[in-house]
Amino acid sequence: MVLLSVIVICEAASVFQPITDAHRSAALELFKPSDGSFGSLEEAYEALRSFEILGIDKKPDISTATCHSVLETLGSSSSSLKDLFHALRVNGILKCKVKEEVFEGIVPRLKAVISSASSLLEFYYSIGSLELIKGQSSNVIVLLSDADGIFRSIKALSQSDGRWRYSSNNPESSTYAAGLALKTLAGVVSLASSEIDQSMIGTLKNDITKLFDSVEKYDDGAFYFDEKVVEAHEHHGPLATTSSVVRGLTAFADVTSENIKLPGDKILGLAEFFLSIGIPGDTKDFFNQIDSVSVPLILSLPATVLSLSKKDQLKVKVNTVLGSNAPPLTVKLVRASSSGSKDGLLIESQELKFDKEISSHFLELPKNVDVGKYTFVFEVVLHDSEHEKVYATGGQTRVPVFVTGIIKVDNAEIVVLDSDLGSVESQKKLDLAGENVVSLSANHLQKLRLSFQLATPLGHVFKPHQLLEKLVWLQAFLKLSHDSKDFLGLVEKFYYLSGSYDIQLTVGDAVMENSFLKAIGQIELDLPEAPEKAPRPPLQPVDPYSRYGPKAEISHIFRAPDKRPPKELSLAFLGLTFVPLVGFFIGLLRLGVNFKNFPSSAVPATFAILFHLGIAAVLLLYALFWLKLDLFTTLKALGVLGAFLLFVGHRVLSHLASTSSKLKSA
Amino acid sequence: MAKLISLLSLTLILPFLCNSFSPDRPTGHRVLVLLDDLALKSSHSLFFNSLQSRGFDLDIKLADDPKIGLQRYGQYLYDALILFSPTVDRFGGSIDVAAILDFVDSGRDLIIASDVNASDLIREIAIECGVDFDEDSAALVIDHTSYAVSSTEGGHTLIASDDLINSDVILGSKKIEASSDLDTAPVLFQGVGHTITPSNSLVLKVLSASPSAYSANPKAKLSNPPSLTGSAISLVSVVQARNNARVLISGSLSMFSNRSAVQKAGSSIKYEKSGNEQFLTELSKWIFHERGHLKAVSVRHHKVGEADEPAVYRINDELEYSVEIYEWSGSSWEPYVADDVQVQFYMMSPYVLKTLSTDQKGHYFTSFKVPDVYGVFQFKVEYNRLGYTSLSLSKQIPVRPYRHNEYERFIPAAYPYYGAAFSMLFTYIASSFGTIGRGGETTVQGSSARLENFD
């Protein structure tokens, strides 16, 4: 009787969580049947098996519909091997009422397949099915008479590096197939009617060792198997591959009587690999993970952050991967030492007490443990020697432990010193627990000293990891040292920018529970003018919110219209302009207008009339120009009228001239 | 015949099969995921599942797979690229930094997750995107005041941050909440910090570190002040390029994983679920253009009271301008509702800048008076909002001055001048009439001389 047997050897810094309730709720979410059944029997098996391992009682009721399809698959003579296999697997969990005759009908068919099988999958499904029938029905005879032969023909598919081929005419070897083969061979051994040749089992063990040579490793100590050839037609990820190997291995280990020698850390690494995945979001991955971790592995989970202020005890929870309690055992703290110094051996070989109520092992921290980082080394010792055969102790567990506590901050003061004399210019006390608003001023020849004391709960001087004083104006930082600071060396860091700087103090450490960020106050710095070669201040990031918002509206300012007099005034002046005209007419009447001189003969009279009409037309044209016409039309019309007027005017005048010369001569 | 029909149906279906990246469908569905090792497929399955459930075809490959390539025969095979391979030194196949930058330059999206000991290759890509990771490759972001409380991890490198960018479009309008509490669930982060280049205006900090954070190697003593401190450290940044390609840069690969349950230091509330899942789902929606992608159609302008678009405007015309803006929702164009869309009437500088009114159905409109300056103007809509793709519309339109006959004709102030002119003309006609008709010597000579002058 051999079992894979591991106890955690936590070389790795990280501690993996076992399967928890989060997994259970995730399982219920992931495996959701549609209309009372799953898409295929394979999915149904994965769901049911995951529920079974996780111990979920409130599983969705799918038994009626699924049983129906199980019976249908088993009853039909045309259903494929794969379907038969999955149907039997589901039946193994659901216990559908399958009649003995059905099994009896299937067995010969399977045996026929086995005797003629050439590919690994055929062997896997048929032998797997026979094994399942053996478990489900006591009356049906499933034993294989030619177990040795079958064993050899499966073994023939193996490669020298421990991997297997899917079939004899397919040269590609696969790690996933190796897992299937191991499982199949385990089935052959359990079904064999007579004892299998031990030498063959011996060679198989060699193969397993070789297979483990190809195991791959993460930095954190997790081991996994992966397919070397990526483009295999049905590619399996590392999770599926590793899971297949682990299943094959456990099945094989179950049926052989001898111990398989495997390095303990590798098996542990495999478990870590499965747990490091967390909760997979895929049903297939989920099943693979859950099915693989159902092998009996034990994890110990020490709490690695202990608070002195809360008086935390050192607690180690030991349980199996699935979260159930481990068999009775004792946890020993082999030694605890401070990480920083070599000599700091704190505790040596102490046994942890077991508390039944919280089912964990605990230890009161001795009084001399101060805050800091420590490395604790645990060892797990099983009480029952029977268990020791089952769970071999893997070694010692090294766990980094942080002991945290409240650091006392005292004697804080901020001082501006005169550089040469060291005389105190101004000094302010600070209360780093409360609010501080200090305002100081200094120039580049002075020094600033900010001092305070940090003490651990045991009164030792404490040096935190993060100790920053920040003068915020242009994000210039000062590293706080024991010496006081000289502004002269910092002017370049400040880019010669004088002004008001905020002082911020940040003190923090992983083991300090009261890490803080405090604004202390302002300091007014008076720095010299920047020389020409001084570096320019770097660009400051722009606030993204201000870069985007809408812009201010712009509306165009129109030219103001000209100032105009009131209409009444214009009309009054309009009236005034007609006054001379009226005066003129009155004057004419007074003078006594006569038309004696108007040409009396027909031709000159016509010209005279036309001349006056022409002038009236020009007047009308001007009126129209104002009211309606534009310049060009007016000029055109004026050109015509002008020529006409020139002509008739000349005729009229020449007539007048001739009459007057006649008068003179007469 | 059957062959012909199948060929015909293929040609008919083909446009629908190729409905990948295009201006009309900004969300492409083909995503290449490059991993360091395939176990990430399982440990980060929640993130991948959320993408798959939204209709993305994930092609998950190892980063050093010799057969990967982004394009074939000049056509891109993918619409987005996810680099979950922080340690890869050289990509397999034809992918290199230049190929990835070309991919982004073609308007496609990119997600980069870096981590401690990130390779120079990943850093180089990040620098091209305007993000500088801490030079110390072993440095982690440490925060002693806002870390996630854990009984197994005491290094304070697992940060619980809730300093998120204040933008509904990037992170979704739903607050990142724990299922039970109304308070915001913090986002877990463990990885390297980065700063964004201040001169690059396209990078945005989405998740910033708290003021007390710093970036240092937690295992070594701090001898110099850390180069990155405080909220200048960005944990997750996004870039929206000018061609609307979107890039997500995260300093942590583990933040995409299926981790849950968080309690922030200094707070008594223990959250059942960290904000990571919602944060990353919403952020990936933004990255893959399922949100915040705008388009503007049917830009119209015309004079008030008219319907047709004129070729030229006159100064002082009243005009109406309208535009329709839609946002891509992942499957269809939805009307975009906002009240800050602005139009500019622009010649060298904006003469008019006006906020458009909206009918809440994507239609934006306004009316204004053309300024009394003539020249060649542009209607400009420059819409740049945090998280939205930028809209930049411009339409050129000349503006002319008044024609000679378009000025005011009857100005009362000028009436006296008109009156004077007409009065003078009347006098003139009357006098010429009188002159020609009147008897008497002296007047005739004088007036005839005058008449000659007039002609």
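## Confidence in chain A

Over residues 473-484 of chain A, where pLDDT stays under 50, how many contacts beyond four places in sequence does the model have? There are 28 such contacts for this stretch. The model is a predicted one.

Where pLDDT is low, the predicted coordinates should not be read in detail.

Chain A as a whole has a mean pLDDT of 73. In this chain, 74% of residues reach 70 or more. Confidence is lowest in strand 1 of chain A (residues 6-7), with a mean of 34. It is highest in helix 15 of chain A (residues 567-591), at 88.

## Make-up of chain B

Chain B has 455 residues, and 42% of them count as buried. Its secondary structure comprises nine helices and 27 strands.

Take the contacts in chain B between residues at least 6 apart in sequence. Of these, 71% join residues at least 24 apart.

## Domains of chain B

The domain assignment divides chain B into domain 1 (25-287), domain 2 (293-404) and domain 3 (413-454). Between the C-alpha centres of domain 1 of chain B and domain 2 of chain B, the distance is 38 Å.

These two domains touch: eight residues of domain 1 of chain B are in contact with seven residues of domain 2 of chain B. What kinds of residue make up the domain 1 side of chain B that touches domain 2 of chain B? That side has four nonpolar residues, four polar and no charged.

Definitions and conventions
Residues numbered from 1 in each chain as written. Chains lettered and ligands numbered in written order. Predicted model: local features only at pLDDT ≥ 70, side-chain atom pairs only at ≥ 80, totals over all residues. pLDDT = per-residue confidence, 0-100. Helix = DSSP H or I, 4+ residues; strand = E, 2+ residues; numbered from the N terminus. Domains from an automatic or database assignment. Nonpolar A, V, L, I, M, F, W, Y, C, P; charged D, E, K, R; others polar. Buried ≥ 20, exposed ≤ 12 C-beta atoms within 10 Å, placed from the backbone.
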